[in-house]
Amino acid sequence: MRIGTILHALLCLLIVCAYAWAASTGYSPFADASGRNGGGGGGFFFHGSSGPRHK
Amino acid sequence: MSDTAGSVRALNCTNCGGPLQLRAAGYTTDLVCFHCGSTLDATDPDLPLIQKAAEALRQPEISLGKRAKFDGIEWEAGGYLERTSGDSGWSEYLLFNPYHGYRFLIDDGRRFSLGEVLDRAPEVVGSTANLDGKAYSEFGGSYWARVQFVVGEFYWRVAIGEAVQVEDYVLPGTILSHERTDTEQTWTRARMLEWGVAEKAFGIAARSPGYAPPSAHEASLYGRWFWRSLVISVIAILALLVASVMFEDKGEILLTQDVPVQMDGQDRTAKLGPLILSHQSSIAVKASPFTLDNAWIDLDYSLVDRRTQESYDVSAVAENYYGQDSDGPWREGNAVPETRVASIPAGTYDLVVTIGGHTWLGQGTYFSAQPAPADGMVRIAIQRGASFPENYWTAILLMLIWPGMLLFLHYQFEKRRRMAGEED
């Protein structure tokens, strides 16, 4: 299981690096739209409102 | 003076005549013949017969006479016995060293433990036995252990069928066994050896962990690994905090502008800019209507690069509804939506906003009738460096998956260990 600990440490290191990169470049997979993907998103399936859901 | 086992005395069995070896002369009281299984009185030079063998002899996995070192002390296996309690059974090897006395190598079929008889009794309070500042918890209940098979030499009178009443107290990795008969009682402390240590020392086949029920005092390796991985995760989370302070944009407002909106359902367009991004970054666009009563505003944003005319499109809706129904007053909608666009390359941009205001008339609902909202303004604020707490929490979640799995395995292990104790 020592290999598990080493892999876990490497994974954590990778995640920290990925997070630092995302923070410095403004990247997030959770954005409403992304320049990296050429735009889009955020209302492709739902656009606008039609009144309250409370009916 | 070296810590080696003592010299050997050659004898012959008084029952079958087979050659015997007495390894601990002067200490041994019973000698069970390796050839016929008869028990001989080793305290008498004539080796009188105490008991004839009741069953065929079996060979212990560790041959008697073999020597092995534990903690730098050499021990010789002199006696072997098997005990049972209900459906479970285990073996005990009596180890001898002339300078250090006796130890027990206990084989529960899965792991080996090295035990020594204590010269003092632990303090028992309720279900806890205290010894040398450590608390051992009672494991399972009291049970009878019976000798099923015996061979070799022993420092006490041992016979097949001999029974002792036992209570076990456990601190993971160590077990205290309290053995009682009508005439005497002993406390034995046994320390579980690491996987493969006893096998390597005696040159027998190594055991594998497998999925067998854990031993009563077997410490969960998962627990140890869990704490190790948790420490790694906590260090990594602290590193995440440092990275977020060092690398995240500080949220500079690039532009704030008020855009008129008419609540007639018609879309109108406004161009905001320029927005200058010195480096690739994210932006957040926040829309704040001055008033919004039972109405919504559709917002389509196009972030257009002035040089390439490439556009990044995203939409939002500001909405605010409230009313009263049979359950009482209600309210819903986000009146100040924030839209986040990630990874916008460096450049000069315009934000084209298509804006359309709508009123909700509430037909066919319990909606309280409101006058149509008046036209108004929406404040559009564009900020460099959107907030993405999801990035942070996702990173933490990924870092905690392995410790979480180990914790689950640890509890499963402990559950199986306790169940094994209850079955016994």
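Guide: A helix here is a DSSP run of H or I with at least four residues, and a strand is a DSSP run of E with at least two, each numbered from the N terminus. Leu7(A) belongs to helix H1 of chain A, residues 2-25. Chain A has one helix and one strand. The model is predicted, so local features need pLDDT of at least 70 and side-chain atom pairs pLDDT 80 or more, while totals for chains, interfaces and linings use all residues. Residues are numbered from 1 along each chain as its sequence is written, chains are lettered from A and ligands numbered from 1 in the order written, and side-chain values use heavy atoms, without hydrogens and water.

Visitor: What makes Ile3(A), Ile6(A), Leu7(A), Leu10(A) and Leu13(A) a nonpolar patch?

Guide: Patches take residues with over 30% relative accessible area and no salt bridge, joining nonpolar side chains (Val, Leu, Ile, Met, Phe, Trp, Tyr) within 5 Å and like charges within 9 Å. These five names are Ile or Leu, and together they have about 500 Å² of accessible area on the surface. Accessible areas come from the Shrake-Rupley method with a 1.4 Å probe, and for residues only the protein chains shown count as cover. Chain A as a whole exposes about 3300 Å², with 66% of it from carbon and sulfur atoms.

Visitor: Why is Asn391(B) called buried?

Guide: Buried means under 20% relative accessible area, exposed means over 50%, and partly exposed lies in between (1.4 Å probe, protein chains only). Asn391(B) has 13%, and therefore counts as buried. It lies in helix H3 of chain B, residues 389-423. In chain A, 40% of the 55 residues count as buried.

Visitor: How do you know that Asn391(B) makes a polar contact with Ser28(A)?

Guide: A polar contact is a pair of N or O atoms within 3.5 Å; within protein, one must be able to donate a hydrogen and the other to accept it, and residues adjacent in sequence count only if both atoms are side-chain atoms. The side chains of Asn391(B) and Ser28(A) are 2.8 Å apart, and the pair is listed as a polar contact. Asn391(B) is also in contact (heavy atoms within 4.5 Å) with residues including Tyr19(A), Ala22(A) and Phe30(A).

Visitor: What makes Arg120(B) and Asp132(B) a salt bridge?

Guide: A salt bridge is a side-chain nitrogen of Lys or Arg within 4 Å of a carboxyl oxygen of Asp or Glu. For Arg120(B) and Asp132(B) the closest N and O atoms are 2.8 Å apart, and the pair counts as a salt bridge. The pair links two loops of chain B, one between strands S10 and S11 and the other between strands S12 and S13, twelve residues apart. Arg120(B) also pairs with Asp119(B), at 3.1 Å. Asp119(B) is exposed at 71%, whereas Arg120(B) is partly exposed at 35%.

Visitor: How many residues apart in sequence are the parts that Arg384(B) and Asp249(B) tie together?

Guide: The two side chains meet in a salt bridge of 2.9 Å, N to O. Arg384(B) lies in strand S25 and Asp249(B) in the loop between helix H2 and strand S17, so the pair ties together parts 135 residues apart. Over all chains there are 26 salt bridges.

Visitor: What joins the side chains of His178(B) and Gln185(B)?

Guide: A polar contact of 2.4 Å joins them. His178(B) lies in strand S15, residues 174-180, and is buried at 9%.

Definitions and conventions: Lists of a residue's contacts leave out its neighbours within four places in sequence.
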